[in-house]
Amino acid sequence: MASILLVGPGAIGATLTAWLCQDDRHRVTVAARTAFESIETQTPQGVILAKPQVITEPAQVQHVDWILVATKAYDSESATAWFPQAAGPRTRLAVIQNGVEHVQRFEKHFPRERIVPVMIDLPAERTAPGRTVQKGPAHLVVPSGRNGADFIALFAHANFDAKQTDDFVTAVWRKLCLNSAGAPCAVVLKPNAISHHDGVAELMRNIVRECVAVGRAEGATLEDSIPEEIVERMRRAPRDSGNSMYADRLAGRPMEYDARNGVIVRLGRKHGIAAPMNALMVDLLEAAQNS
Ligand SMILES: NC(=O)c1ccc[n+]([C@@H]2O[C@H](COP(=O)([O-])OP(=O)(O)OC[C@H]3O[C@@H](n4cnc5c(N)ncnc54)[C@H](OP(=O)(O)O)[C@@H]3O)[C@@H](O)[C@H]2O)c1
């Protein structure tokens, strides 16, 4: 049995909460910015209804065994407002976000040795507060060790593929390769079909080549074939499918371009590796978002 505070009940957070509530040994509380009554998640295995406690004020929470943060990366700082009330001396923090800076985003606010970074590959969409659609299977990867094993155990009743790895750095950079390549879709506000344009496909390859170079400098094992594999994958996807930055821009929401492309520029600078295509994506998306 575990007491769990899920911060950020959006597409990922509400879907994870629905599955966590399948295990009635857990006491699940949802820390929301926008209140709702219940969760309804359509999964490949059917609809899951859940009624966790939903709170909107940090004063309403008590110490928990686990804090799970599933906000967008740019909301990480605001998510820490829940920590003083929720975190006790043994509480662990799982960071379930995209990018490669899971620990760095939170180490100023939480003891590093109790932070569990989580790589999540779970296609999910939020249709309304508390309403989500899980569109495919869920894959979770955590670093090997006690914290990772205990995190995976929380999902014993979920139909997830959850694994520990001795090479988490490679797992998150591999995912970043895919995420970084999606930026042109958000720039031109078009779905994956644009990957069939030869010039755009080459731009995507170059974005990923920069990601591979910086990822290797950070210690990840990444093959030369990854840029081509990603373009092929985008070309095989339905022409009208899109990534979440594209969806966020369409909906007028902020975008995670810093966590997906800016990080390649920043860490590249640290290693003396230029990342001009990623820098271009950041400038264009920043201008699009802020104008
Ligand atoms: N969606 C996917 O398919 C997918 C797949 C893999 C990885 N990811 C990654 O998973 C992370 C979460 O993505 P998402 O798609 O689930 O995002 P999302 O649908 O935008 O959900 C984020 C949630 O966080 C809430 N929030 C923001 N600040 C908060 C705070 N201070 N306290 C409590 N709640 C707060 C938002 O509240 P409001 O309800 O007020 O907006 C929203 O419910 C991102 O890093 C994303 O890149 C997403």
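How does the distance between the end C-alpha atoms of helix α8 (residues 198–217) compare with the span that its 20 residues should have at 1.5 Å a residue?

## Basis of the model

This is a predicted model, in which local features need pLDDT of at least 70 and side-chain atom pairs count only at pLDDT 80 or more, while totals for chains, interfaces and linings use all residues. Residues are numbered from 1 along each chain as its sequence is written, and side-chain values use heavy atoms, with hydrogens and water left out.

## Helix α8

The 20 residues of α8 should span 28 Å, and the end C-alpha atoms are 29 Å apart, which agrees. The expected span is 1.5 Å times one less than the number of residues. Helices (H or I, at least four residues) and strands (E, at least two) are DSSP runs, numbered from the N terminus.

The buried residues of α8 include Val200, Met204, Ile207, Cys211 and Val214, and also Arg205 and Glu210. Buried means under 20% relative accessible area, exposed over 50%, and partly exposed in between, with a 1.4 Å probe and protein chains only. The buried residues of α8 pack against α6 (168–181), α7 (183–188), α9 (226–236), α11 (257–271) and α12 (276–290). Contact means heavy atoms within 4.5 Å. After α8 comes glycine 219, with a positive phi near 110°.

## The ligand and its shell

The ligand is surrounded by 28 residues, and the closest are Ile12, Thr34, Asn98, Arg126 and Glu256. A residue is near a molecule if one of its heavy atoms lies within 4 Å of it. The shell is made up of 14 nonpolar, seven polar and seven charged residues. Here Ala, Val, Leu, Ile, Met, Phe, Trp, Tyr, Cys and Pro count as nonpolar, Asp, Glu, Lys and Arg as charged, and the others, Gly among them, as polar.

A backbone N or O atom of alanine 11 is 3.0 Å from a ligand oxygen, and for a backbone N or O atom of isoleucine 12 the distance is 2.8 Å. In glutamate 256, a side-chain N or O atom lies 2.5 Å from an oxygen atom of the ligand. Taken alone the ligand exposes 900 Å², and the protein buries 89% of that. Accessible areas come from the Shrake-Rupley method with a 1.4 Å probe; for residues, only the protein chains shown count as cover.

The elements giving two or more residues to the shell are α1 (11–20), α2 (76–79) and β9 (124–128). In α1, nine of the 10 residues are buried, among them Ile12, Thr15 and Trp19.

## Individual residues

Serine 76 lies in helix α2 and is buried, with a relative accessible area of 4%. Its side chain makes a polar contact of 3.2 Å with the side chain of glutamine 97. A polar contact is a pair of N or O atoms within 3.5 Å; within protein, one must be able to donate a hydrogen and the other to accept it, and residues adjacent in sequence count only if both atoms are side-chain atoms. Leaving aside neighbours within four places in sequence, serine 76 is in contact with Thr71, Gln97, Arg105 and Phe106.

Valine 263, in helix α11, is buried, with a relative accessible area of 0%. Beyond its neighbours within four places in sequence, valine 263 is in contact with Val100, Glu101, Leu176, Asp258 and Gly268.

Leucine 189 is in the loop between α7 and α8 and is partly exposed, at 32% relative accessible area. Its phi is positive, about 55°, although leucine 189 is not a glycine. Most residues other than glycine have a negative phi.
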